[in-house]
Amino acid sequence: MEQRDWTDGHVERWKPVLPDLDPDVEGAVTRMKKLSVHLRRVREQSLADFDLDRQEFDTLHKLAGRGGTAAPSELAADLDLAPASVTGRLDALERRGLVRRTPSATDRRRVDVALTDEGRSTWLGAMDVLGHEEYRLLGVLDKDERTLLNDMLRRIMVVAEGRGGAAWD
């Protein structure tokens, strides 16, 4: 017999109230929501463990995604923030030794921001905690099942993004 989860009881409670409820749609959507909440909690705990707030992590993440070096204007664009907001974030991260700002070697008017070794280590540590949890959860599926799940979710996201939905980072 297949194991039951919280959502099975949820669907059973609502089916008599909403007779047209599709249990597969309700079950899938409810499970995706609960999984998203679970992963958000793991991420929040990971950030707390590494003494990062969400904004600090996001800034380190965008910087790492650019190879560890970027101009503040590039980070502002990546984070969809005003340049002054990024300056404040960089000030705080620099005080903590997680990033370093240096004059650009190619343009005297420009400053380059780089992850320090400590910044990279902190960012990777926070990423690893969430990554391990993702692998733990999806590890119940074999490789073909993970591929199938990924392909099915992509088909759903294409529809969501095509109907005025936003692309998420």
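How many of the five residues of strand S3 (residues 111–115) are buried? Four of the five are, which leaves this strand mostly covered; here, buried means under 20% relative accessible area, taken with a 1.4 Å probe on protein chains only.

A word on the model comes next. It is a predicted model, in which local features need pLDDT of at least 70 and side-chain atom pairs count only at pLDDT 80 or more, while totals for chains, interfaces and linings use all residues. Residues are numbered from 1 along each chain as its sequence is written, and side-chain values use heavy atoms, with hydrogens and water left out.

**The strands**

Helices (H or I, at least four residues) and strands (E, at least two) are DSSP runs, numbered from the N terminus. Two strands pair if DSSP finds at least two bridges between them. S3 has antiparallel pairings with S1 and with S2:

| Strand | Bridges to S3 | Facing residues |
|---|---|---|
| S1 (residues 69–70) | two | Ala-70 and Val-113 |
| S2 (residues 99–103) | five | Val-99 and Leu-115 |

**Two buried helix residues**

Leu-90 is found in helix H5 (residues 83–95) and is buried, with a relative accessible area of 1%. Contact means heavy atoms within 4.5 Å.

Not counting residues up to four places away in sequence, Glu-56 touches Asp-51, Leu-93 and Arg-96.

**Helix H7**

How far apart are the end C-alpha atoms of helix H7 (residues 143–162)? They are 28 Å apart, which agrees with the span that its 20 residues should have at 1.5 Å a residue; the expected span is 1.5 Å times one less than the number of residues.

Terms used:
Buried < 20%, exposed > 50% of the residue type's maximum accessible area, 1.4 Å probe, protein only.
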